[in-house]
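Hi,

Here's the structure I said I'd pass on.

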Amino acid sequence: MKTYLQRMGRSLQLPVAVLPAAALLEGIGHWLPKNWGLSQFLQVGGSAILSQLALLFAIGLSIGMSKTKDGASAMAGVVAYIVPTYVLAPKQVSLLLGIKVGQVNPAFNAIAGNVFIGIIAGLIAAALFDRFHETKLPMALSFFSGKRLVPILSTLVMLLISVVLLFVWPVLYDALISFGKFIVNLGWIGAGLFGFFNRLLIPTGLHQALNQVFEFNIAGINDIGNFWANKGTKGVTGMYLAGYFPVMMFGLPAGALAIYKNALPERKKVTAGLMMAGAFASFFTGVTEPLEFSFMFVAWPLYVIHAIFTGLSMAFAAFMHWTAGFTFSAGLVDYILSFHMPIANKPYMLLVQGLVMAVIYYFGFDFAIKKFNLMTPGREPVEANDDAPVEEVATSDTDDKYMVMAKKVYAGIGGHDNINVVDNCTTRLRLQLKDTDKINKSQIMSSGVAGVNVLDKVNIHVVVGTEVQFVADALKKLYDENAVVNTVAADEKTTVKTTEPISDVKSGETDVFYSVANGYLEDIEEVSDSTFAQKMLGDGFAVVPTDGKIVAPVDGTITTIFPTKHALGIKTDNGLEVLVHMGIDTVQLKGEPFTIKVVEGQEVKHGDQLAQVDLDKIKTAGKKTDMMVIVTNMPSVSYMKFNLLDKDVQINKEVLKVTTK
């Protein structure tokens, strides 16, 4: 649920990004003399956008929440919004209930243009699109198959929802109005509470839901719409917006200065770049995420203080009735546009308040960082190898690419004297060192590896990929020979000519992937192995199996069977290289749970059995049974289309389509 709501928050940014256009038209329109025809023309243009916010939300969510971001989902969103707004209009409600229009509950006057209806329409349209956009109907109805089916289904579903809303909407609307009135009756205290909880909810993305109540028309407050339409009471309209300007334009940039001041001398240069970029974005555009996310997790008490300061700013601006408004966010651009809006009340005083908030933020942040020793950016302990330089490693004309890579890794981990054990699994070098503090990560990464994971004081994993065996063999050779890898002086560097392999990937072809087992389908980002979850080896999916039959997920040829039997390589006819990895960290089981049913060079079709796995043995050993399917030559991929909607899968279930460049 949390992930779903976060996706909603991101999707709402699309329609919200349209609002600055309305602010520009309204702002310039009110700046110009009132008797100019152009002034009225621009204001009407801005109102045209603001009056269709609910429709924009329906479109934005229907696109943003669908997995393929297809325009057909937007069409479904429009249809899904139109149906209830027409069916539940007072005139139609009077016909449905057999009463006079004047007797219709006033709540139905708020259906058309209500953002809540737009959100429902967008979410339903996106869900229907994901579920049915590839559905094939019988031949007689084939014209309505696929994407054409989705708007039809949206109509039917929204008709049913309209029936429900016919009875539920008056109760729901009254509840929303009561909540809104409760907060409004709290006056400046309510504005402060709104600001405080808005910031607290930023890490979860749920702040967008809170914004809908106060900034739009779900509960009748509609602070953004009313401000730019010049409606309401001067000094009151905009009270849920104004207090953000002192924070975003002055407070947060001052907090960034405090973070920079408290950075370690060795890290000030890097911290300055990070803080300056975040402060600039916050001041000019009101985009605060770059700054807030830089400390909200590593120094969460400081983020709570930030939320408190925001609440204070919101409350004080509302108490003083100083108002200004925004459509996108409370930065300089929106402030200038809103300055001459007639309903704005003493907006210049927000600049004075901003200077005060800058002082509060700077000294408040500075005190908290020092008092509680908060690990804000730039205060992380400096490790000996953090800024170690990358040196050119001497190579020979006889070295192949694996030996060149091995030499760079060998130099980066400290050479022979710092190595205890060289081992590898399917994709990683598993090294036991005497002291991982002596490594040079930058030097290791210069070899072209995908990642370096330092596990503890002696263990380190270097993510190489499916060719790890060749690099491991070369590294073992260097270790066995007690080799000394020299660096090359700048004037001794030579260019090594390499021959790029000829790609056998067929351009523009599509391979269809099916489930690798019966079980529960898993997004690759959800597996409990960071190498796979971070897609260091490539992209794909995983299945938590319910039985031990593991099958080929795609048609191709078996290219590799790893000695420990826990992984296989498949190459499709179109040139995709696929890794089937059975279980997490199962290389340590030395092949015991796995009975391989294929041989290298064998052609397989999807559904052909690759292995029989004893799942109980894997679980008894304390390992996880996730079966991963990874496309490892991602530079050859132009498009991947996942079907992750149905989580319970069988071996014949289509999961993924991959198209080559």
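Is Trp 322 buried or exposed? Trp 322 is buried, because its relative accessible area of 9% falls below the 20% cut-off. Bear in mind that this is a predicted model.

Trp 322 also has an aromatic partner: it pairs edge-to-face with Phe 316, at 5.6 Å centre to centre and with 75° between the planes. Phe 316 counts as partly exposed, at 39% relative accessibility. That pair is one of 21 aromatic pairs in the structure.

- Lys 268 has its charged end over the ring of Tyr 260, 4.6 Å from the centre.
- Arg 131 lies over the face of Phe 132, with 5.3 Å to the ring centre.

Now the helices. In α16 (residues 332-339), the buried residues are Asp 334, Tyr 335, Leu 337 and Ser 338. They span an arc of only 165° around the axis, so they lie on the same side of α16.

Finally, α12 (residues 244-261) packs against α15 (residues 300-320) at about 150°, and the axes are 10 Å apart. The two helices are therefore roughly antiparallel, since the angle is over the 145 degrees required. Their crossing is right-handed.

Cheers

Notes: Residues numbered from 1 in each chain as written. Predicted model: local features only at pLDDT ≥ 70, side-chain atom pairs only at ≥ 80, totals over all residues. Heavy atoms only, no water. Phe/Tyr/Trp six-rings, centres within 6.5 Å; stacked < 30°, edge-to-face > 60°. Buried < 20%, exposed > 50% of the residue type's maximum accessible area, 1.4 Å probe, protein only. Lys NZ or Arg CZ within 6 Å of the ring centre and 35° of its normal. Helix = DSSP H or I, 4+ residues; strand = E, 2+ residues; numbered from the N terminus. Arc of directions from axis to C-beta. Axes fitted to C-alpha atoms, helices over the stretch in contact; angles between N-to-C directions. Parallel < 35°, antiparallel > 145°, perpendicular 65-115°, else oblique. Left-handed = near helix turned anticlockwise from the far one by under 90°.
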